[in-house]
Amino acid sequence: MIKLNNRDYECQDGITVEELMKLNNFTYARIIVYLNGEVVLPENYASTTIHHGDDVKAIHLMAGG
Amino acid sequence: MNMEKINLARKLIKEYHYDLKAIDKGYTGRTLYVNVGSHDIKEKSVTQLIKDKFIGGKGFGLYYLWQAVTESTRWNDPENEIVISSGPVGGITQYPGSGKSLVVTLSPLTDMPMDSNAGGYFGPYLKFSGFDALELQGKADKDVIIFINGVKGTISIEEVPNEDIDTHIFGEQLTELYADNEEDKRNIAVISTGTAARHTNIGLLNFTFYDVRRKGTRLKQAGRGGIGTVFRDKHIKAVVIKVAGVKGNENHPVDKLTLNKIGIKMHKEIHDLDNSQNRMRQIGTANIIEVMDQYDLLPTHNYKFGAHKDTYKISSRVFTAKVTQNSPDGCWFGCSLACAKAADHFELKTGPYKGEKVSIDGPEYENAAGLGSNLGIFDPDAILELNFYCDTYGLDTISFATMTAFVMECYENGILNKERTGGLELTFGNIEAAFELIHQMSRGEGFGKIVGMGIRKMKEYFVKEYGADPKFLSDIGMEQKGLEFSEYLPKESLAQQGGYGLTNKGPQHDEAWLIFMDMVNNQIPTFEDKAEALHYYPMFRTWFGLVGFCKLPWNDIAPANNKFTDEPAKIPEHVQNYVDVYNAVTGMSIDKHELIRQSERVYNFQRLFNIRMGYGKRIHDKIPYRAMGPVTMEEYESRQERYDRQLVEHLGYDPANKTTEEKMKVLREYRLDQYEKLTDAVYKRRGWTMDGVPTAEKLQELGMDLPELLEVVKKHV
Ligand code: SF4
């Protein structure tokens, strides 16, 4: 279990950021990912793993429309 | 009618001379009043109080409109005005998106002040001609053109034959007529509307400007709320402005060096990052069509659903291929975000211009979603052509789309049938019927005339004439305050329900777009968090319309280091840019907090203006249930897993062995209650009573305790 955008979220231990984004259909081009408060850059999505208890935020940057 | 005929029949009925005057720190210090009924033309001084409290743009529009009307004035009374103003920053060329015009009038749809913004050159040219705002009042007997000659310092009212002409022809003809030569065409700006504005309540105002590269005119629209309908009701055919040219320092800013510096930094950011962010230069706002579909937010079949299996057929990639590329498509000089795209050499398949090849402005996201998925139409050429006809006929695309979606649902529910629609089979996806409807609006005929009244009036009509169930119509009729909703599905975001409902002019997303922040990011979980967002964003975004900025360069591009800031959603660096640009032009020294207060003054003024006109209270802030949750079983069952889960999580209600109707009832009660709680929290945050009236204390705190406002408060608290 991790926290994803402040909600409980069940996923495999060791899943990568890239996999998590895919699972959630987070396709928007401007998303900022934070892992335990630290920004994860897009080039590191595939190599960054997430473990139980982690706090992940995927902030979609669109406040406009 | 061709231009030669118009030219021959033109009759000068009034000419007025004025002194040309340089702009000082973003203001001319003077506005222009034209009464097309009495032919009175006046200059008015802009006092310090007006500048301090109302800033410019929409603030000026609301101020002058308030002086012009009484509580009993209606949209088609001669006293109603159309006021156009850009704002103190409007017309600079250093920072992207600095040429917007704001238009204010009493709306035929809402009976309250409407504001709508448009790109193009009109607002800046008005200022370069010597005026911070233009008030149009009265009603002419015969059609007139008003010509403001900012080169010579003359204003003329000319009588022209009573005949409607569509904008793509008329705008071009007037540009030709008033320009001295080809080179001079860029110095002409025109506002006018098309043939449908007279027959419907959703007429828009087209802003025609000359595109030097295309060697043809382009259009931008002040679309919302029927401003074009008011324009034609006044028998104004067009307002034309001519200037001597555009220079970078026309506004005489106090600090040009700072302006240049911030501008260059912003242009570089757009150049370096737009391709990997929103691709605004490639496709404009249509970039989000498939994104909205993937997040279940793309209005489909009158907002029943948020996604459709055929969306790929109208995805941004499809439109990218149709839109002319590598063109600096700015709607004002210096806008490097250049989102004002166009599809050139498009051959029309229907209507009076069938077979002609035209340039079509757009598509913007709203058009593709409204004229596309919301009508069940997944044919990109049909969307482009509907878009073209909306523009040239002078119809607000958003209202046209939402109204057509509404009648399609009424048709599919048996409220309408072929007999009632005069033979139109208005089922979702029927392209032919949608075209016939739009052409009928242009001709002022048939069922098109009924639809052109707007959803609010249609609901009354269908109940009275066809015995339709008023509750069902009010659930599915996507209007509020009389204005049709814009094209986002807010069902799963309570904050966006407030972003639509708790607005001044009606459900247009230009005050707040909070769906991702709320529904996906879960950044504003409590009522207080949502209320804070519904305070900050509407106030921040109101400010664009006070000073002359376009909102897109604020958040459709972000600096590379934005992700490391405390509040990335606000794009703090851009907020600071705006503060610095405003100060550099005007010589003021506001900070980001004063920016919000400037907006709050005008925002509260507009709210009280609504209340003065008999609207603008809590009861008027309610929204149709279609915006909040599933109205029909079909909707519930299409997202059953989601709704069932919510019943368990939010209410501890076990959905097992319950009928869909039972579950829908429980969900509905819950969601209605949530909206009421949100309304309480927002009113509290904005300093209003629980009936939605700004308090005297709030006005005092803002320095907005003007006697005429306090009088309205006293009457309503
Ligand atoms: S961003 Fe687009 S709409 Fe805004 S000023 Fe630039 S071209 Fe015009």
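This is a predicted model: local features need pLDDT of at least 70, side-chain atom pairs count only at pLDDT 80 or more; totals for chains, interfaces and linings use all residues.
1. The crossing of helices α18(B) and α26(B) is right-handed; a crossing counts as right-handed if the near helix is turned clockwise from the far one by less than a right angle, and as left-handed if anticlockwise. Helix α18 covers residues 494-501 of chain B and helix α26 residues 660-686 of chain B; they pack at an angle of about 65°, with their axes 10 Å apart. Axes are lines fitted to C-alpha atoms, for helices over the stretch in contact, and angles run from 0 to 180 degrees between N-to-C directions. Helices (H or I, at least four residues) and strands (E, at least two) are DSSP runs, numbered from the N terminus.

2. On the α18(B) side the contact is made by B:Leu494, B:Gln497, B:Gly498 and B:Gly501, and on the α26(B) side by B:Gln674, B:Tyr675 and B:Leu678; contact means heavy atoms within 4.5 Å. These residues divide into three nonpolar, four polar and no charged. Here Ala, Val, Leu, Ile, Met, Phe, Trp, Tyr, Cys and Pro count as nonpolar, Asp, Glu, Lys and Arg as charged, and the others, Gly among them, as polar.

3. Residues are numbered from 1 along each chain as its sequence is written, chains are lettered from A and ligands numbered from 1 in the order in which they are written, and side-chain values use heavy atoms, with hydrogens and water left out.

4. Helix α13(B) contributes B:Phe400, B:Met403 and B:Thr404 to the contact, while α14(B) contributes B:Ala434, B:Leu437, B:Ile438 and B:Met441. Of these residues, six are nonpolar, one is polar and none is charged.

5. Chain B holds an open sheet of seven strands, ordered β1-β9-β8-β13-β10-β11-β12, with mixed pairing; two strands pair if DSSP finds at least two bridges between them. Its edge strands are β1 (11-17) and β12 (216-222), each pairing on one side only. The twist averages 20° from one strand to the next. Helix α5 (residues 167-178) of chain B packs on this sheet, touching strands that include β8 (144-149) and β9 (154-159), and its direction makes about 145° with that of β10(B).

6. Within that sheet, β10 (residues 188-192) and β13 (residues 236-242) of chain B pair in the antiparallel sense over five bridges. B:Ile191 has B:Val239 as its bridge partner in β13(B).

7. In chain A, five strands form an open sheet in the order β2-β1-β7-β4-β5, again with mixed pairing. Strands β1 (residues 2-4) and β7 (residues 55-60) of chain A run parallel and are joined by two bridges, with A:Leu4 opposite A:Val56. Strand β4 (residues 31-35) of chain A pairs with β7(A) in the antiparallel sense over five bridges; A:Tyr34 has A:Lys57 as its bridge partner.

8. The residues around the ligand include B:Lys100, B:Asp329, B:Cys331, B:Cys335, B:Cys339 and B:Cys550, a residue being near if one of its heavy atoms lies within 4 Å.
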